[in-house]
Amino acid sequence: MIYLDNNATTAIDKTVLEDMLPYLSGEYANPSSMYDFAKKPAAAIREARAKMRDFFGAKDEKEIFFTSCGSESANMAIKGVLNCNKEKRHIITTKVEHPCVLNTYKYYEKQGYEIDYIGVNAQGELNFEELKEKLRKDTALVSVMWANNETGVIHPVEEIAEYVKSHSPETRVYVDGVQAAGKIPINVKETQIDMVGVSGHKFHAPKGIGALYVKPDVRLTPLVNGGHQERGMRAGTENVPYIVGIGKAAELAMENMNHELTEVKRLRDKLEAGILKSVFNARLNTGISNRVPNTTNIGFEYVEGELILLHLSDIGICASSGSACTSGSLEPSHVLRAMGIPFTALHGSIRFSLSRFTTEKDIDFVIKNIPVIMDKLTKISPFQTELEELRKRKGV
Amino acid sequence: MWDYSEKVLDHYRNPRNVGKIDNADLIGEAGSLACGDSLKLYLKLDGNKIADAKFQTFGCGSAVASSSILTEMIIGKTLDEAKKITNKDIAEELGGLPQEKMHCSVMGHEALEDALKKYYGGKYEENTPVETSDKIVCTCFNVTENQIWEAIKINNLKTVEEVTNYTKAGGACGRCKGLIKDIIDTYYKGLNKAEIKEPLTATQKILKISKVIEQQISPELQKDGGDIELIDIDGNKVKVKLTGMCQGCKNAQMTLKSFVESILRDKVDTNIEVEQV
């Protein structure tokens, strides 16, 4: 199997699993308990929190809260801030946020909040000028994802935070860091960003664990009320093994950052160039710069995405698509639509996302086989005239 | 991951009768590129028999499988036999389709219908009520009232969600869901004609809004010691004044949007916006 869907989820790193295992068996004590038996899990959480502090580039481990997933991190940040600033009823976000963020704002829109959704250009890059125009004194929150899950495009969140703070200091800035974590260096203490949410399973920790960075002066209300855990901000007995897991995964991600930025990027670029060269109806859906190193989004014109995925799956390749058919929603990707990707390519858009476990052999296999699949699938398409024109234009 | 039957897998992997018949006698089309799936069906006749059928499909695995199996089902059949095939038959022949994918079988049926219509001069659908219209109900996916009516009838659909699964209507912006519900209700009331709501005249709208406020909204607010007054209606902007306990209540804005506005949208017009003056 060749797994190129690492923006959906990743394999658990073996050493992450090894570090977790003791806390799934013998070391089961509640870290809040007062006997010696509870010392080890309590220390393990402290250690994991320190690793997450370094991973975020935060100043203090008090700025780190463990959650159950990326969606919870986003909800905790957004709802927490809005609950503490009820007089401010304006929010700025983007048209290309992940549904866990977007649907949270749709919820607030129904409650009477005013929301501005900032658009992107054809390369997927955020319209910063539009964001500047929309910023007001009563803007409670500016919420922009660090990197987009479908395109990999990186948004200038540091500059955005700086602009927001210099023009409306009380406005909070939330950054969905789920797709940036482990792929590009994050160093929040050098920025004005108030909160960053991440999800463990996107960087080789298991599913079911996330984290939220919160700057010390930011006031939040908790999403889950109850006990004193996470300094009263997120009640519930700590998920010790998974907290250990995300801590270890973060440590490994820091160690492998250079590999990510060079080797993973090299393989991604090779895959991209290989496909664009050998498949006449392929087009890159983004620009080439300003992207996380592991992601490419390619549109195959006049062929539908789910059909491509099924044929890829038949030869053991896992990828994903922005096509309507794969989601069950009947609507193609809101991200690609916000970019204005033409209908000819929209439904046939495929995302390949690599990881540090992707090999040269994997990429060579994909480059070799995609033209074979496309040759078969373009023949089924009713748009033969259009395909013929495309072929001529590309000089094939 | 969809739970596709073995037959669906076989037909998308090895689609039968792919391509174009150059001198086809009948060509049927359904769907569009913008909507995410489209099908072209070519028929070669021998007398009143379908001697050959080929297809070209832009669509997902189940769309290709539906098209492919449809060609197998109709080759060798007379046109009279072929016109009896419904989307349900196509889905059954495939060993079933996931609910959300039933619209793929409907697309197959529509392309067949489109081809046969040309042969029968557009009048072969004896069992379709003539009164239903070609009026587009779902503008996102270009689904007509006729198509929805057909899908309800053949597949015994009861809910809006089912209609969406079978026809895609209502699957994008969702604005036509009220209309789809009306069509379902009309169908089961045994009426021949599914009435599409004509836009209300300004006077009708004002009357209807004030009636809904008076009979449904006001009594609810009165329970909490408040009330509501209709001040003005300007197109879809409904200007109201909250009175009694509602006045100055910190939940007033919420009451306005999530209660007053949602009832008016439901009962009168989905585009209504309520404002407090």
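Predicted model: local features only at pLDDT ≥ 70, side-chain atom pairs only at ≥ 80, totals over all residues.
Now step back to the helix itself. Select residues 61-74 of chain B, which form α2. How far apart are the end C-alpha atoms of this helix? They are 20 Å apart. At 1.5 Å a residue, its 14 residues should span 20 Å, so the two values agree.

Next, colour α2(B) by burial. The helix is mostly covered, with 12 of its 14 residues buried. Among the buried ones are B:G61, B:S62, B:A63 and B:V64. Further along, B:I69, B:L70, B:T71 and B:I74 are also buried.

Zoom out to chain B. The domain assignment gives domain 1 (6-119), domain 2 (136-188) and domain 3 (202-276). Give each a colour. The centres of domain 1 of chain B and domain 3 of chain B, taken over C-alpha atoms, are separated by 50 Å.

Stay in chain B and select B:K168. This residue lies in the loop between α7 (160-167) and α8 (177-188). Most residues other than glycine have a negative phi. B:K168 is not a glycine, yet its phi is positive, near 75 degrees. Is B:K168 buried or exposed? It counts as buried, because it has 27 C-beta neighbours inside 10 Å and the cut-off is 20 or more.

Last stop: chain A. Select A:H204, in the loop between β7 (195-199) and β8 (210-214). A:H204 is not a glycine either, but has a positive phi of about 75 degrees. A:H204 is buried, with 28 other C-beta atoms within 10 Å.

Terms used: Residues numbered from 1 in each chain as written. Chains lettered and ligands numbered in written order. Domains from an automatic or database assignment. Helix = DSSP H or I, 4+ residues; strand = E, 2+ residues; numbered from the N terminus. Expected span 1.5 Å × (residues − 1).
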